[in-house]
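Biologist: I would like to learn how to read cavities, pockets and cores. Can we take them in turn?
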Amino acid sequence: MERKEDRKWPRLLPYVMLIVLFAAAYLLPAYGARWQAANRSESRTASSDSSDENRGAREKIVLDPGHGGFDSGMVGESGANEKVLNLIYAQKLAVLLEAEGYEVVLTRETEDGLYDADASGKKAQDMERRVAVIAEENPVLTVSIHQNSYPEDASVKGPQVFYYEQSAEGEKLAAAIQESLNEELEIERPRTQKGNTTYYILKRSISTTVIVECGFLTNPEEEALLQEEAYQDQVVQAICDGILKYLTELQGSGQEGQ
């Protein structure tokens, strides 16, 4: 026997379908919008990650603490050792550049050189390996850190930046760093950047490369200063500011990564 409730369902079905259709018309667009927004967000995130990866690749900087191992470099009258100071300055500079978002690679991170213990030409092998590191990392620029000397005249002092004479970009980078050092350290007799055609690291590096001589260990006053942490911090901040100035101008000219 057919129940009364069973006879009601066919009559109610059109109303139920109508309610479902109205609900779908209202809810689906909102859900679709949220789905599209989520997809756009994921797409932007992926694009941003890719952009960050590419930017990091372009903005790698190599710092080269000169000398190391058997090659101590210049040793001042008070015993200040160039290879030790070079590493200190490079490590301090690395911290500043990394805080600015750059990836920094040091050619050496200890007081050892980059040569094999049994190598017959340790110095040559050391220099070749420094250049090899630069080639492998392919940085936007390289800064080799040194301390200067001039035994003929102990009064000579002040930072000096060298660049490869045939490198226009090297000259720009050297000028930016030299100017920054002169101004921020309030150098009495400001120097200008100096071109060079013989220094191995400048001739052989594939990147824009400069040598920064932080000061003269043959000048007793400057030798003492170069060992003071406060002065070291001033020097590396000036170098960092010069690097940032150069990179800002490079980005503005559209040459970055070339």
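Modeller: The largest cavity has a volume of about 30 Å³. Keep in mind that this is a predicted model.

Biologist: Which residues line the largest cavity?

Modeller: His67, Gly68, Phe70, Asp71, Tyr115, Lys122, Lys123, Asp126 and Arg130. Sorted by class, that lining holds five charged, two polar and two nonpolar residues.

Biologist: What space lies in the largest pocket?

Modeller: About 350 Å³. It has 14 lining residues, and Lys157, Gly158, Ile187, Glu188 and Arg189 are the closest to its centre. Helix H6 (residues 220-226) gives the largest share of the lining, three residues.

Biologist: Now the packing. How many residues has the largest nonpolar core?

Modeller: A nonpolar core joins buried residues through side-chain atoms within 4.5 Å. The largest one has 42 residues, and Ile177, Val212 and Ile243 have the most contacts inside it. Elements giving two or more residues include strand E1 (60-65), helix H4 (168-184) and helix H7 (229-253). H7 supplies the largest share, 11 residues.

Biologist: What does Val212 touch?

Modeller: Leaving out residues up to four places away in sequence, Val212 touches Val143, Ser144, Ile145, His146, Gln160, Val161, Ile177, Leu181 and Ile239. Another core, of 10 residues, lies apart from the largest one; Val105, Tyr164, Ile201 and Leu202 are among them.

How values were computed. Residues are numbered from 1 along each chain as its sequence is written. This is a predicted model: local features need pLDDT of at least 70, side-chain atom pairs count only at pLDDT 80 or more; totals for chains, interfaces and linings use all residues. Side-chain values use heavy atoms; hydrogens and water are left out. On a 1 Å grid over the protein atoms alone, a cavity is a set of points where a 1.4 Å probe fits but cannot get out, and a pocket is an open set with protein on both sides within 12 Å along at least five of seven lines; lining residues have an atom within 4 Å of a point. Grid points are joined across faces, edges and corners, and a volume is the space filled by probe spheres set on the points. Ala, Val, Leu, Ile, Met, Phe, Trp, Tyr, Cys and Pro count as nonpolar, Asp, Glu, Lys and Arg as charged, and the others, Gly among them, as polar. Buried means under 20% relative accessible area, exposed over 50%, partly exposed in between (1.4 Å probe, protein chains only). Helices (H or I, at least four residues) and strands (E, at least two) are DSSP runs, numbered from the N terminus. Contact means heavy atoms within 4.5 Å.
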